[in-house]
Amino acid sequence: MTRYAGNAAALRALVREQEVHRDVYVSEEVFQLEMEHMFPNSWVYVGHDSQVPNAGDYFGTTIGTQPVLLVRHTDGKVHVLHNRCPHKGTRITSETCGNTGKFFRCPYHAWSFKTDGSLLAIPLKKGYENTGFEQSHAAPGMAPVRHVRNYRGFVFAKINGGGLDFEEFFGESLSSFDNMIDRSPAGQLKVAGGVLRYMHNCNWKMLVENQTDTCHPMVAHESSAGTVVEVWKKAPPGTKKPMAVEIIAPFMSPYEFFENMGIRIWDNGHGHTGVHHSIHSDYSAVPGYFEKMTAAYGEERAKAILGENRHNTVYFPNIMIKGPIQLLRHFKPIAANKTLVESWTFQLVDAPDMLLERTLMYNRLINAPTSIVGHDDLEMYERAQEGLHSNGNEWVNLQRLYSPDEAEQTNVAVNGTSEWPMRHQFRAWSKFMTMGM
């Protein structure tokens, strides 16, 4: 039985000003509608162009649950193609990445396609003569995703034709990407260190919400980060603080630290924590880095770039970036109760290697399947996914520091423990979920 398909009013009713209904997390019908409407109506991150540096390089990923390929064509242009043969629908490649040479070849009937998706050849072609094949949906080849935008190396795509254009969708929020990229003296990033993949048995939105939830670190991470702090207290006086302690200890900062940190709210569900300072503000200086930045940008501009220490920037619907340590997390929906998380690290081109070392260490300690911090969050997500099936209460509360006039405001900085970013994400969810219905 369907309750929500084609019913925009019923979907909007799932989101109230200060609470959301549990069906947005547990209903498989709502999940399928997210894949049919919300993700296709949004600009979704596909990948970074440094992942496909050479002609024929490809990277397989998803927009929602639709398989797509990021591929570099022979002319150097990067395309996003639906990973589907136009003949029988066979997935062209199941490998995550590789080099296909000058063409893709379907493993089922050997139809082949240029790396821009156009049809190259069909075996036994004479069997299609005088059949009207030229007018068929298959004739053009692999379907391209029509709306693609490469923003300083980060490639986004939107499947549906309507909705917001790229600039309107992201607006001022792109400043977080700018800050992360500008931290390179060459103004350029490249993917480095591979990717960490980690399956979570929970709804994808729980992970997105958690990126701006600053009331949980000192509670949920007490057993991991709290233990590190206690061990460090026993170090002999004068001991140099290890990089690992610099990374983990700030998770145990008190509520006041996170309240004063601040949160910025942008349109369409985007926003970031760490307006004034963050858990990344007090890392040790890297020898020679500021000098390289000063040579590239001038001292005043270098100070302005490095003075920004944004904590987590959420780009709705499903990525988060950390500018100060060059990290991107991609929350890929699999089912209403299953999410694949990818954690990508980036290298600042022409910067000291120690910066990449810190990024990789952060990723291993905080985000990896073998991390000591990420498991705390995972347990909370899974408990929430199970608890939401209780009939004692059908609603999730997002009321902290609610203001009745907040829906009309944008680009504002508020108390760092406010749940305003989550309320704003669900306003965006409702908007893109029902767009065009």
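Visitor: Hi! What kind of model is this?
Guide: Hello! It is a predicted model, so every value I give you is computed from that prediction.

Visitor: How many helices and strands does the protein chain have?
Guide: The secondary structure comes to 15 helices and 20 strands.

Visitor: And how does the radius of gyration sit against a compact globule?
Guide: For 437 residues, a compact globule would have a radius of gyration near 22 Å. The protein chain has 23 Å, which agrees with that. Along the principal axes, the C-alpha atoms fill a box of roughly 85 × 55 × 40 Å.

Visitor: What share of the residues is buried?
Guide: Buried residues make up 53% of the 437. As for the surface, the protein chain exposes about 19,100 Å², and carbon and sulfur atoms supply 51% of that area.

Visitor: What about contacts between residues 24 or more positions apart?
Guide: Those account for 66% of the contacts with a separation of 6 or more.

Visitor: Let's do sheets. What is the strand order in the open sheet of eight?
Guide: The order is E12-E18-E17-E16-E15-E14-E13-E20, with antiparallel pairing. At the edges are E12 (189-200) and E20 (412-414), each of which pairs on one side only. On average, neighbouring strands of this sheet are turned by 20° against each other, direction ignored.

Visitor: How many bridges join E13 to E20?
Guide: Three bridges join E13 (residues 263-265) to E20, and the two run antiparallel. Within that pairing, Ile 263 has Val 414 in E20 as its bridge partner.

Visitor: Which strands does helix H5 lie across?
Guide: H5 (residues 175-182) lies across E12, E15 (313-315), E16 (319-322), E17 (327-335) and E18. The helix runs at about 40° to E16.

Visitor: Nice. And the open sheet of four strands, what order does that one have?
Guide: That sheet has the order E5-E4-E3-E6, and its pairing is antiparallel. Strands E5 (78-82) and E6 (97-99) stand at the edges with a single partner strand each, so one side of each is left without a neighbour in the sheet.

Visitor: How do strands of a sheet pair, by the way?
Guide: Through backbone hydrogen bonds, either parallel or antiparallel.

Visitor: Over how many bridges do E3 and E4 pair?
Guide: E3 (residues 57-63) and E4 (residues 66-72) pair over six bridges, in the antiparallel sense. Gly 60 stands opposite Leu 69 in E4.

Visitor: New topic: how many salt bridges does the structure hold?
Guide: It holds 19 salt bridges. One of them is between Lys 292 and Asp 350, whose closest N and O atoms are 3.3 Å apart. That pair links distant parts of the chain, 58 residues apart. Lys 292 is in helix H11 (residues 289-297), whereas Asp 350 is in the loop between strand E18 (338-348) and helix H13 (353-367).

Visitor: How accessible are Lys 292 and Asp 350?
Guide: Lys 292 has a relative accessibility of 36% and counts as partly exposed. Asp 350 is partly exposed too, with 46%.

Visitor: What about Arg 310, buried or exposed?
Guide: Arg 310 is at 11% relative accessibility, so it counts as buried, the cut-off being under 20%. Its side chain meets that of Glu 308 in a salt bridge of 3.1 Å, N to O. Glu 308 is partly exposed, at 28%.

Visitor: How far apart are N and O in the salt bridge of Glu 19 and Arg 16?
Guide: The N to O distance there is 2.7 Å. Glu 19 is partly exposed at 22% relative accessible area, and Arg 16 counts as partly exposed at 43%.

Visitor: Last one: where is Ala 368 found?
Guide: Ala 368 is found in the loop between H13 and helix H14 (374-387). This residue is buried, with a relative accessible area of 2%.

Visitor: What is Ala 368 in contact with?
Guide: Leaving aside its neighbours within four places in sequence, Ala 368 is in contact with Leu 196, Tyr 198, Asn 363 and His 375. Leu 196 is 172 residues away from Ala 368 along the chain, yet their C-alpha atoms are separated by 6.0 Å.

Note on methods:
Residues are numbered from 1 along each chain as its sequence is written. This is a predicted model: local features need pLDDT of at least 70, side-chain atom pairs count only at pLDDT 80 or more; totals for chains, interfaces and linings use all residues. Side-chain values use heavy atoms; hydrogens and water are left out. Two strands pair if DSSP finds at least two bridges between them. A salt bridge is a side-chain nitrogen of Lys or Arg within 4 Å of a carboxyl oxygen of Asp or Glu. Buried means under 20% relative accessible area, exposed over 50%, partly exposed in between (1.4 Å probe, protein chains only). The radius of gyration is taken over C-alpha atoms; the globule rule is 2.2 Å times the number of residues to the power 0.38. Contact means heavy atoms within 4.5 Å. Accessible areas come from the Shrake-Rupley method with a 1.4 Å probe; for residues, only the protein chains shown count as cover. Axes are lines fitted to C-alpha atoms, for helices over the stretch in contact, and angles run from 0 to 180 degrees between N-to-C directions.
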